[in-house]
Amino acid sequence: LCSPEYNIPPGQDELKLYALEWLRDYPLKTLLAGGTAFLNADSIEAIICDQDMDGDEYTMFHVLRSWVKQDKGNNLQTGKELISHIDLHFINPVNLNNVVKRCGFVDLSLVEATLKEIEEISANQSPDEKEHVLVEGAGKDCVNGIYALKEDDIGMRSEEVMFVKEAQEDEHCPDYALHLFKSKWAIAPCFDTSNILYLSEESKCGTSKNHHRPPEAGWKTIAGTLPAPTCTWKPSKEDATKGAGKR
């Protein structure tokens, strides 16, 4: 902690630099493991504003929330002021609704406005701009195409992941879902996901937004037409260019 913004006096610079780099590289192991209890208002502000922290906006929100909870009576107002340094647009809408809204130091109108903007941006995105999977080579031709990630859909369980290919107006076929439930990936019509056309039992974990990615190869034909497809996962345009809120 030798940089001026952390208000650390001179001396033992090498040790302080090591401590600062450790904080930046491992915020979950340090700041969110009780480390915020040792920070004053100036230090927490410096950390929230530090663009070298290895954490996204939601991690920084948790750091701030942890610090506010240490002494809510004295820290609440500072938390309300410092939230302006965190871009809520990079936080998942589910977390905005269920966590950020209830923290006590973020204005509800700010959360609602952010949710509305996220919804408008998502509605105006084409499927290939969103996180998606390109399905190719299936014997059933109308299955092939771009499947966009369906986020936070009503009725979906927390462990379920679904990508959807919506039928175009000139197509005489239904919408198709590429979905994961428990350990199996399947491609099926949206109106009847039990009617599995192609299946893979490999659950390949990805890192983007903590979602799973479908396996590229190894698919089996069930009720579809041979051959089985390949599936290529692609990040959203925003994730690819901005690192999904990564600082």
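Rings of Phe, Tyr and Trp (its six-membered ring) are treated as a pair if their centres lie within 6.5 Å, with planes under 30 degrees apart counted as stacked, over 60 as edge-to-face and the rest as tilted. This is a predicted model, in which local features need pLDDT of at least 70 and side-chain atom pairs count only at pLDDT 80 or more, while totals for chains, interfaces and linings use all residues. Residues are numbered from 1 along each chain as its sequence is written, and side-chain values use heavy atoms, with hydrogens and water left out.

**View 1. Aromatic pairs and a ring cluster.** Ring pairs join Tyr 58, Phe 61 and Phe 105 into a cluster. The count of aromatic pairs comes to 4. Trp 22 and Tyr 26 form a tilted pair, at 4.5 Å centre to centre and with 45 degrees between the planes. Relative accessible area is 38% for Trp 22, which is partly exposed, and 33% for Tyr 26, also partly exposed; buried means under 20% relative accessible area, exposed over 50%, and partly exposed in between (1.4 Å probe, protein chains only). The pair of Phe 163 and Trp 185 is tilted because the planes stand at 35 degrees, with the ring centres 6.4 Å apart. This pair links distant parts of the chain, 22 residues apart: Phe 163 belongs to strand E3 (residues 161-165) and Trp 185 to strand E5 (residues 184-189). Phe 163 and Trp 185 are both buried.

View 2. The chain holds 8 helices and 10 strands; helices (H or I, at least four residues) and strands (E, at least two) are DSSP runs, numbered from the N terminus. An open sheet is formed by 8 strands in the order E9-E6-E5-E4-E3-E2-E1-E10, with antiparallel pairing. Strands E9 (220-221) and E10 (230-234) stand at the edges with a single partner strand each, so one side of each has no neighbour in the sheet. Two strands are taken to pair if DSSP finds at least two bridges between them. At one end of this order, strand E1 (residues 132-136) and E10 run antiparallel and are joined by 5 bridges, with Leu 134 opposite Thr 232 in E10.

**View 3. Strand E3 and its neighbours.** In E3, 5 of 5 residues are buried. Val 161, Phe 163 and Lys 165 lie on one side, Met 162 and Val 164 on the other, and both faces are covered. Strand E2 (residues 145-150) pairs with E3 in the antiparallel sense over 3 bridges, where Leu 149 stands opposite Phe 163. E3 and E4 also run antiparallel, joined by 5 bridges, and here Leu 178 in E4 is the bridge partner of Phe 163.

View 4. Of the 6 residues of E5, 5 are buried. Strand E4 (residues 176-181) runs antiparallel to E5, and 6 bridges join them; Leu 178 has Ile 187 in E5 as its bridge partner. The two strands form a hairpin with 2 residues between them, and Lys 182 in the turn has a positive phi of about 60 degrees. Strand E6 (residues 198-200) is joined to E5 by 3 bridges, again antiparallel, and Tyr 198 in E6 stands opposite Ile 187.

**View 5. A charge over a ring, and a cis peptide bond.** The charged end of Arg 213 sits over the ring of Trp 233, at 3.6 Å from its centre. The criterion is that NZ of Lys or CZ of Arg is within 6 Å of the ring centre and within 35 degrees of the ring normal. Leu 226 and Pro 227 are joined by a cis peptide bond, with omega about 0 degrees. Pro 227 lies in the loop between E9 and E10.

**View 6. The surroundings of Asn 74.** Asn 74 is placed in helix H5 (residues 72-82) and counts as exposed, at 59% relative accessibility. Its side chain makes a polar contact of 2.7 Å with that of Asp 71; a polar contact is a pair of N or O atoms within 3.5 Å, where within protein one must be able to donate a hydrogen and the other to accept it, and residues adjacent in sequence count only if both atoms are side-chain atoms. Ala 41 and Asn 74 are 33 residues apart in sequence, with 9.9 Å from C-alpha to C-alpha.
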